[in-house]
Amino acid sequence: MSTTLEPEQAQQETDEGVVHILWMNGGLSCDGDSVALTAATQPSIEEIVLGALPGLPKIAVHWPLIDFECGPETGADNFIEWWHKADRGELEPFVLVVEGSIPNEAIHDGEGYWAGFGNNPATGQPMKTSEWLDRLAPKATAVVAVGTCATYGGIHAMAGNPTGAMGVPDYLGWSWKSKAGLPIVCVPGCPIHPDNLSETLVYLLYQVAGQAPMIPLDAELRPQWLFGRTVHEGCDRAGYYEQGDFAKEYGSPKCLVKLGCWGPVVNCNVPKRGWINGVGGCPNVGGICIACTMPGFPDKFMPFMDEPAGSKVSTTASKVYGTVIRRLRKYTINSGNKEPKWRHKGSELTTGYEKVW
Ligand code: SF4
Ligand code: SF4
Ligand code: SF4
(Lines give C-alpha, C1' and ligand atoms only; values in the text may rest on other atoms or scores of the structure.)
(Ligands and ions follow the chains in the order given, each with its own letter.)
Protein backbone atom coordinates (compact mmCIF):
# COMPACT_ATOMS: atom_id res chain seq x y z
CA MET A 1 0.00 0.00 0.00
CA SER A 2 1.37 3.37 -0.95
CA THR A 3 0.68 5.41 2.09
CA THR A 4 2.90 8.38 1.48
CA LEU A 5 3.19 11.13 -1.05
CA GLU A 6 6.00 12.84 -2.89
CA PRO A 7 7.03 16.01 -1.01
CA GLU A 8 5.63 18.42 -3.64
CA GLN A 9 2.42 16.44 -3.82
CA ALA A 10 2.18 16.41 -0.05
CA GLN A 11 2.53 20.18 0.14
CA GLN A 12 -0.26 20.51 -2.41
CA GLU A 13 -2.48 18.06 -0.56
CA THR A 14 -1.69 19.66 2.79
CA ASP A 15 -3.36 22.73 1.40
CA GLU A 16 -6.36 20.57 0.55
CA GLY A 17 -6.76 19.40 4.13
CA VAL A 18 -4.84 16.13 4.19
CA VAL A 19 -4.20 14.89 7.72
CA HIS A 20 -0.83 13.20 8.07
CA ILE A 21 -0.24 10.36 10.48
CA LEU A 22 3.36 10.03 11.59
CA TRP A 23 3.90 6.60 13.14
CA MET A 24 6.94 6.50 15.40
CA ASN A 25 8.09 3.02 16.40
CA GLY A 26 11.66 3.95 17.23
CA GLY A 27 11.20 3.50 20.99
CA LEU A 28 11.56 0.24 22.90
CA SER A 29 9.17 -1.80 20.85
CA CYS A 30 8.68 -5.19 19.24
CA ASP A 31 6.45 -3.71 16.48
CA GLY A 32 3.68 -6.01 17.68
CA ASP A 33 1.13 -3.19 17.62
CA SER A 34 1.93 -2.33 14.01
CA VAL A 35 1.52 -5.98 13.09
CA ALA A 36 -1.74 -6.22 15.06
CA LEU A 37 -3.22 -3.23 13.24
CA THR A 38 -2.94 -5.03 9.92
CA ALA A 39 -5.68 -7.36 11.22
CA ALA A 40 -8.20 -4.58 11.89
CA THR A 41 -11.61 -5.08 10.29
CA GLN A 42 -13.90 -2.57 12.01
CA PRO A 43 -12.69 -0.48 10.32
CA SER A 44 -9.75 -1.89 8.41
CA ILE A 45 -6.65 0.19 7.77
CA GLU A 46 -7.42 0.01 4.04
CA GLU A 47 -10.84 1.58 4.63
CA ILE A 48 -9.23 4.41 6.57
CA VAL A 49 -6.36 5.07 4.17
CA LEU A 50 -8.40 4.76 0.97
CA GLY A 51 -11.13 7.07 2.23
CA ALA A 52 -13.93 4.50 2.26
CA LEU A 53 -15.55 6.00 5.36
CA PRO A 54 -17.95 8.87 4.72
CA GLY A 55 -16.84 12.24 6.05
CA LEU A 56 -13.32 11.11 6.94
CA PRO A 57 -10.65 13.61 5.92
CA LYS A 58 -8.02 12.53 3.39
CA ILE A 59 -5.04 11.06 5.17
CA ALA A 60 -1.44 10.16 4.41
CA VAL A 61 0.05 7.53 6.69
CA HIS A 62 3.80 7.40 7.23
CA TRP A 63 4.05 4.00 8.86
CA PRO A 64 7.43 2.24 8.87
CA LEU A 65 5.95 -1.27 8.95
CA ILE A 66 4.61 -1.09 5.40
CA ASP A 67 5.85 2.16 3.91
CA PHE A 68 7.69 1.56 0.65
CA GLU A 69 9.77 4.65 1.37
CA CYS A 70 11.56 2.63 4.05
CA GLY A 71 12.78 0.18 1.44
CA PRO A 72 16.14 0.06 -0.31
CA GLU A 73 14.68 1.24 -3.64
CA THR A 74 13.70 4.69 -2.50
CA GLY A 75 16.05 5.04 0.44
CA ALA A 76 15.08 5.81 4.03
CA ASP A 77 15.89 9.50 3.52
CA ASN A 78 12.57 10.03 1.77
CA PHE A 79 10.76 8.45 4.68
CA ILE A 80 12.51 10.41 7.43
CA GLU A 81 12.04 13.66 5.50
CA TRP A 82 8.38 13.64 6.56
CA TRP A 83 9.54 13.83 10.16
CA HIS A 84 11.85 16.72 9.37
CA LYS A 85 9.02 18.51 7.55
CA ALA A 86 6.84 18.13 10.62
CA ASP A 87 9.68 19.40 12.78
CA ARG A 88 10.06 22.46 10.52
CA GLY A 89 6.35 23.16 10.83
CA GLU A 90 5.64 22.25 7.19
CA LEU A 91 3.22 19.40 7.90
CA GLU A 92 -0.11 20.63 9.18
CA PRO A 93 -2.12 19.03 10.62
CA PHE A 94 -0.54 15.78 11.74
CA VAL A 95 -1.29 13.12 14.32
CA LEU A 96 1.72 11.59 16.05
CA VAL A 97 1.37 7.88 16.83
CA VAL A 98 3.94 6.48 19.26
CA GLU A 99 4.62 2.74 19.54
CA GLY A 100 7.11 1.47 22.13
CA SER A 101 8.23 2.89 25.44
CA ILE A 102 10.47 5.92 25.79
CA PRO A 103 13.84 5.26 27.41
CA ASN A 104 15.42 7.73 29.77
CA GLU A 105 18.50 8.97 27.91
CA ALA A 106 19.73 10.73 31.04
CA ILE A 107 20.66 7.49 32.80
CA HIS A 108 22.95 5.60 30.43
CA ASP A 109 26.61 5.98 31.05
CA GLY A 110 28.91 7.58 28.55
CA GLU A 111 28.31 7.69 24.82
CA GLY A 112 25.54 6.23 22.76
CA TYR A 113 21.81 6.18 23.29
CA TRP A 114 19.05 3.72 24.12
CA ALA A 115 16.77 4.31 21.13
CA GLY A 116 16.55 6.53 18.09
CA PHE A 117 15.85 6.72 14.38
CA GLY A 118 17.02 8.84 11.48
CA ASN A 119 19.88 11.33 11.47
CA ASN A 120 19.99 15.00 12.25
CA PRO A 121 20.84 16.59 8.87
CA ALA A 122 22.70 19.42 10.57
CA THR A 123 25.06 17.16 12.51
CA GLY A 124 24.80 13.83 10.70
CA GLN A 125 24.31 12.25 14.11
CA PRO A 126 21.48 9.84 15.02
CA MET A 127 18.39 11.39 16.59
CA LYS A 128 17.05 9.88 19.79
CA THR A 129 13.44 8.81 20.05
CA SER A 130 12.95 11.10 23.03
CA GLU A 131 14.35 14.00 20.99
CA TRP A 132 11.78 13.37 18.27
CA LEU A 133 9.06 13.40 20.89
CA ASP A 134 10.40 16.67 22.34
CA ARG A 135 10.38 18.25 18.88
CA LEU A 136 7.15 16.89 17.42
CA ALA A 137 4.73 16.69 20.36
CA PRO A 138 4.28 20.49 20.58
CA LYS A 139 3.47 20.64 16.85
CA ALA A 140 1.11 17.65 16.68
CA THR A 141 -2.65 18.09 16.65
CA ALA A 142 -2.94 14.86 18.64
CA VAL A 143 -0.55 12.36 20.21
CA VAL A 144 -1.67 8.73 20.38
CA ALA A 145 0.24 6.19 22.47
CA VAL A 146 -0.24 2.72 21.02
CA GLY A 147 0.33 -0.48 23.00
CA THR A 148 1.15 -0.84 26.68
CA CYS A 149 4.83 0.01 26.19
CA ALA A 150 3.97 3.43 24.77
CA THR A 151 1.08 4.04 27.15
CA TYR A 152 2.48 2.92 30.52
CA GLY A 153 5.97 1.52 29.91
CA GLY A 154 4.89 -2.11 29.61
CA ILE A 155 7.36 -4.97 29.56
CA HIS A 156 10.41 -2.72 29.31
CA ALA A 157 9.43 -0.80 32.43
CA MET A 158 9.05 -3.83 34.68
CA ALA A 159 10.99 -3.96 37.95
CA GLY A 160 14.67 -3.38 37.31
CA ASN A 161 14.08 -1.26 34.21
CA PRO A 162 17.71 -0.61 33.20
CA THR A 163 16.75 1.89 30.47
CA GLY A 164 14.36 3.91 32.63
CA ALA A 165 11.65 3.04 30.09
CA MET A 166 8.34 4.86 30.46
CA GLY A 167 5.12 5.52 28.64
CA VAL A 168 4.31 8.74 26.80
CA PRO A 169 2.17 10.17 29.67
CA ASP A 170 5.05 9.67 32.10
CA TYR A 171 7.38 11.34 29.61
CA LEU A 172 5.24 14.31 28.52
CA GLY A 173 3.16 14.53 31.71
CA TRP A 174 -0.29 13.09 32.41
CA SER A 175 -1.97 16.47 32.08
CA TRP A 176 -0.15 17.33 28.81
CA LYS A 177 -2.37 18.69 26.08
CA SER A 178 -1.71 19.10 22.38
CA LYS A 179 -1.87 22.51 20.72
CA ALA A 180 -5.45 21.58 19.75
CA GLY A 181 -6.28 20.91 23.41
CA LEU A 182 -6.34 17.11 23.20
CA PRO A 183 -4.90 15.00 26.02
CA ILE A 184 -2.58 12.13 25.12
CA VAL A 185 -4.80 9.32 23.89
CA CYS A 186 -3.73 5.90 25.20
CA VAL A 187 -4.73 2.64 23.53
CA PRO A 188 -3.05 -0.04 25.65
CA GLY A 189 -2.72 -3.77 25.03
CA CYS A 190 0.25 -6.02 24.40
CA PRO A 191 -0.40 -5.89 21.57
CA ILE A 192 -3.29 -3.50 21.02
CA HIS A 193 -6.58 -4.90 19.88
CA PRO A 194 -6.59 -4.08 16.14
CA ASP A 195 -10.08 -2.59 16.05
CA ASN A 196 -9.61 -0.66 19.29
CA LEU A 197 -6.83 1.24 17.59
CA SER A 198 -8.41 1.66 14.16
CA GLU A 199 -11.63 2.86 15.82
CA THR A 200 -9.74 5.34 18.01
CA LEU A 201 -7.80 6.68 15.02
CA VAL A 202 -11.04 7.15 13.11
CA TYR A 203 -12.59 8.96 16.07
CA LEU A 204 -9.61 11.31 16.25
CA LEU A 205 -9.67 11.95 12.51
CA TYR A 206 -13.35 12.89 12.73
CA GLN A 207 -12.50 15.11 15.68
CA VAL A 208 -9.66 16.78 13.77
CA ALA A 209 -12.14 17.36 10.92
CA GLY A 210 -14.51 19.04 13.38
CA GLN A 211 -17.11 16.28 13.12
CA ALA A 212 -16.85 14.71 16.57
CA PRO A 213 -16.81 16.07 20.14
CA MET A 214 -13.79 15.74 22.44
CA ILE A 215 -12.80 12.08 22.71
CA PRO A 216 -14.02 10.74 26.08
CA LEU A 217 -11.09 9.30 28.07
CA ASP A 218 -10.87 7.67 31.50
CA ALA A 219 -8.37 8.66 34.20
CA GLU A 220 -5.70 6.49 32.54
CA LEU A 221 -6.32 8.33 29.23
CA ARG A 222 -7.98 5.32 27.57
CA PRO A 223 -11.10 5.75 25.39
CA GLN A 224 -13.94 5.22 27.85
CA TRP A 225 -16.19 3.30 25.51
CA LEU A 226 -13.46 0.71 24.88
CA PHE A 227 -12.06 0.24 28.39
CA GLY A 228 -15.05 0.90 30.65
CA ARG A 229 -15.85 -2.78 31.29
CA THR A 230 -13.86 -5.69 32.63
CA VAL A 231 -12.68 -8.77 30.75
CA HIS A 232 -14.89 -10.84 33.07
CA GLU A 233 -18.02 -8.88 32.16
CA GLY A 234 -17.59 -9.83 28.50
CA CYS A 235 -16.14 -13.33 28.88
CA ASP A 236 -17.80 -16.35 27.31
CA ARG A 237 -16.87 -18.35 30.44
CA ALA A 238 -18.49 -16.02 33.00
CA GLY A 239 -21.41 -18.42 33.46
CA TYR A 240 -19.01 -21.08 34.75
CA TYR A 241 -17.53 -18.61 37.23
CA GLU A 242 -20.94 -17.67 38.54
CA GLN A 243 -21.73 -21.37 39.11
CA GLY A 244 -18.41 -21.98 40.86
CA ASP A 245 -17.23 -24.33 38.10
CA PHE A 246 -13.51 -23.83 37.56
CA ALA A 247 -11.04 -25.39 35.12
CA LYS A 248 -8.31 -27.46 36.72
CA GLU A 249 -6.31 -27.89 33.54
CA TYR A 250 -5.84 -26.19 30.19
CA GLY A 251 -8.18 -27.37 27.49
CA SER A 252 -11.21 -27.22 29.76
CA PRO A 253 -14.12 -25.01 28.61
CA LYS A 254 -14.69 -23.80 32.20
CA CYS A 255 -13.62 -20.59 33.95
CA LEU A 256 -9.84 -20.13 34.03
CA VAL A 257 -9.48 -18.14 37.24
CA LYS A 258 -7.77 -20.97 39.16
CA LEU A 259 -5.23 -21.18 36.33
CA GLY A 260 -4.30 -17.52 36.70
CA CYS A 261 -6.94 -15.45 34.88
CA TRP A 262 -7.11 -11.83 36.10
CA GLY A 263 -10.22 -11.03 34.04
CA PRO A 264 -12.50 -9.90 36.90
CA VAL A 265 -10.25 -6.91 37.68
CA VAL A 266 -8.96 -5.92 34.25
CA ASN A 267 -10.32 -3.17 31.98
CA CYS A 268 -10.39 -4.64 28.49
CA ASN A 269 -13.05 -5.41 25.89
CA VAL A 270 -11.20 -8.15 24.03
CA PRO A 271 -13.41 -11.14 24.96
CA LYS A 272 -16.52 -9.10 24.16
CA ARG A 273 -15.15 -7.91 20.85
CA GLY A 274 -13.27 -11.02 19.77
CA TRP A 275 -9.76 -10.68 18.38
CA ILE A 276 -10.05 -10.66 14.60
CA ASN A 277 -13.39 -9.98 12.95
CA GLY A 278 -15.24 -10.92 16.14
CA VAL A 279 -13.52 -14.28 16.58
CA GLY A 280 -11.29 -15.19 19.55
CA GLY A 281 -10.46 -13.04 22.59
CA CYS A 282 -8.03 -14.41 25.21
CA PRO A 283 -10.17 -16.30 27.78
CA ASN A 284 -12.87 -17.11 25.23
CA VAL A 285 -10.36 -19.35 23.48
CA GLY A 286 -8.55 -20.72 26.52
CA GLY A 287 -5.89 -18.11 27.34
CA ILE A 288 -5.78 -16.60 30.82
CA CYS A 289 -6.03 -12.81 30.98
CA ILE A 290 -2.65 -11.48 32.11
CA ALA A 291 -3.91 -7.87 32.37
CA CYS A 292 -1.87 -6.53 29.48
CA THR A 293 -3.96 -3.35 29.14
CA MET A 294 -3.35 -2.20 32.72
CA PRO A 295 -0.88 0.46 33.86
CA GLY A 296 0.27 -2.00 36.59
CA PHE A 297 1.25 -4.59 33.93
CA PRO A 298 3.33 -6.71 34.23
CA ASP A 299 4.64 -6.39 37.81
CA LYS A 300 1.29 -6.26 39.62
CA PHE A 301 0.00 -9.37 37.86
CA MET A 302 2.98 -11.69 38.21
CA PRO A 303 3.79 -14.49 38.48
CA PHE A 304 1.58 -15.25 35.50
CA MET A 305 -0.35 -18.52 35.68
CA ASP A 306 -0.71 -18.41 39.49
CA GLU A 307 -4.23 -18.01 40.83
CA PRO A 308 -4.72 -14.30 41.68
CA ALA A 309 -4.65 -13.98 45.47
CA GLY A 310 -7.76 -11.79 45.51
CA SER A 311 -9.82 -14.34 43.64
CA LYS A 312 -9.70 -16.85 46.51
CA VAL A 313 -12.47 -15.06 48.45
CA SER A 314 -14.81 -14.58 45.50
CA THR A 315 -14.27 -18.06 44.06
CA THR A 316 -14.89 -19.66 47.48
CA ALA A 317 -18.16 -17.73 47.72
CA SER A 318 -19.23 -18.64 44.20
CA LYS A 319 -18.23 -22.27 44.81
CA VAL A 320 -20.62 -22.49 47.79
CA TYR A 321 -23.39 -20.56 46.07
CA GLY A 322 -22.69 -22.17 42.69
CA THR A 323 -22.86 -25.77 43.95
CA VAL A 324 -26.40 -25.26 45.23
CA ILE A 325 -27.49 -23.16 42.26
CA ARG A 326 -26.06 -25.66 39.74
CA ARG A 327 -28.14 -28.48 41.29
CA LEU A 328 -31.29 -26.39 41.22
CA ARG A 329 -30.61 -25.35 37.63
CA LYS A 330 -29.97 -28.96 36.64
CA TYR A 331 -33.39 -29.86 37.98
CA THR A 332 -34.95 -26.99 36.01
CA ILE A 333 -33.00 -27.92 32.86
CA ASN A 334 -34.25 -31.50 33.08
CA SER A 335 -37.77 -30.26 33.56
CA GLY A 336 -37.44 -27.77 30.69
CA ASN A 337 -36.21 -30.53 28.41
CA LYS A 338 -39.55 -32.37 28.73
CA GLU A 339 -42.77 -31.37 27.04
CA PRO A 340 -45.53 -30.06 29.37
CA LYS A 341 -47.78 -32.72 30.94
CA TRP A 342 -50.92 -31.53 29.19
CA ARG A 343 -49.18 -32.40 25.89
CA HIS A 344 -47.33 -35.52 26.79
CA LYS A 345 -48.11 -37.63 29.84
CA GLY A 346 -45.24 -40.09 29.90
CA SER A 347 -45.30 -41.85 26.53
CA GLU A 348 -48.95 -40.97 25.96
CA LEU A 349 -49.77 -38.03 23.69
CA THR A 350 -52.63 -36.14 25.31
CA THR A 351 -53.42 -33.49 22.69
CA GLY A 352 -56.13 -35.59 21.10
CA TYR A 353 -54.27 -35.70 17.83
CA GLU A 354 -55.34 -38.64 15.70
CA LYS A 355 -52.42 -40.57 14.24
CA VAL A 356 -53.14 -41.38 10.64
CA TRP A 357 -50.13 -43.56 9.96
FE1 SF4 B 1 5.46 -5.13 21.66
FE2 SF4 B 1 3.63 -5.36 23.61
FE3 SF4 B 1 5.30 -3.33 23.62
FE4 SF4 B 1 3.42 -3.41 21.77
S5 SF4 B 1 3.08 -3.22 23.96
S6 SF4 B 1 5.58 -2.88 21.45
S7 SF4 B 1 3.27 -5.62 21.40
S8 SF4 B 1 5.89 -5.51 23.84
FE1 SF4 C 1 -13.69 -14.29 34.37
FE2 SF4 C 1 -11.34 -15.20 33.46
FE3 SF4 C 1 -13.19 -16.89 34.30
FE4 SF4 C 1 -13.54 -15.54 32.04
S5 SF4 C 1 -11.99 -17.10 32.42
S6 SF4 C 1 -15.07 -15.90 33.61
S7 SF4 C 1 -12.60 -13.58 32.59
S8 SF4 C 1 -12.14 -15.35 35.57
FE1 SF4 D 1 -4.71 -8.45 27.55
FE2 SF4 D 1 -6.43 -9.71 29.20
FE3 SF4 D 1 -7.34 -8.11 27.30
FE4 SF4 D 1 -6.22 -10.47 26.67
S5 SF4 D 1 -8.13 -10.16 27.80
S6 SF4 D 1 -5.90 -8.50 25.65
S7 SF4 D 1 -4.60 -10.59 28.24
S8 SF4 D 1 -6.09 -7.49 29.05
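Leaving aside neighbours within four places in sequence, threonine 163 is in contact with Leu28, Pro103, Asn104, Ile107 and Trp114. Contact here means heavy atoms within 4.5 Å. Threonine 163 sits in the loop between helix 6 (147-152) and helix 7 (168-172). Helices are DSSP runs of H or I with at least four residues, numbered from the N terminus. Threonine 163 is buried, with a relative accessible area of 13%. Buried means under 20% relative accessible area, exposed over 50%, and partly exposed in between, using a 1.4 Å probe and protein chains only.

This is a predicted model: local features need pLDDT of at least 70, side-chain atom pairs count only at pLDDT 80 or more, and totals for chains, interfaces and linings use all residues. Residues are numbered from 1 along each chain as its sequence is written, chains are lettered from A and ligands numbered from 1 in the order in which they are written, and side-chain values use heavy atoms, leaving out hydrogens and water.

**The cores.** The largest nonpolar core has 62 residues. Leu22, Trp83, Leu96, Val98 and Val144 have the most contacts inside it. Helix 8 (residues 194-208) gives this core its largest share, seven residues. A nonpolar core is a set of buried Ala, Val, Leu, Ile, Met, Phe, Trp, Tyr and Cys residues joined through side-chain atoms within 4.5 Å.

What does valine 98 touch? Not counting residues up to four places away in sequence, valine 98 touches Met24, Leu133, Val143, Val144, Ala145, Val146, Ala150 and Val168.

**The ligands.** A residue belongs to a ligand's surroundings if one of its heavy atoms lies within 4 Å of the ligand. Ligand 1 is surrounded by Ser29, Cys30, Gly32, Asp33, Gly147, Thr148, Cys149, Gly189, Cys190 and Pro191. Helix 2 (32-37) and helix 6 each give two or more residues to this shell. Helix 6 supplies the largest share, three residues.

Glycine 147 lies in helix 6. Is glycine 147 buried or exposed? Glycine 147 is buried, with a relative accessible area of 0%. Its C-alpha atom is separated by 6.0 Å from that of valine 187, 40 residues apart along the chain.

Around ligand 2 there are 13 residues, and the closest are His232, Cys235, Cys255, Leu256 and Cys261. Ligand 3 has Val231, Val266, Cys268, Val270, Cys282, Cys289, Ile290, Ala291, Cys292 and Thr293 around it.

The table sorts each shell by class. Ala, Val, Leu, Ile, Met, Phe, Trp, Tyr, Cys and Pro count as nonpolar, Asp, Glu, Lys and Arg as charged, and the others, Gly among them, as polar.

| Shell | Nonpolar | Polar | Charged |
|---|---|---|---|
| Ligand 1 | four residues | five residues | one residue |
| Ligand 2 | 10 residues | two residues | one residue |
| Ligand 3 | nine residues | one residue | no residues |

**The backbone.** Most residues other than glycine have a negative phi, and most peptide bonds are trans. The peptide bond from phenylalanine 297 to proline 298 is cis, with omega near 0°. A cis peptide bond also joins methionine 302 and proline 303, with omega about 0°. Proline 303 is found in the loop between helix 11 and helix 12.

Asparagine 161 has a positive phi, near 35°. Asparagine 277 has a positive phi of about 55°. Asparagine 277 is exposed, with a relative accessible area of 51%.
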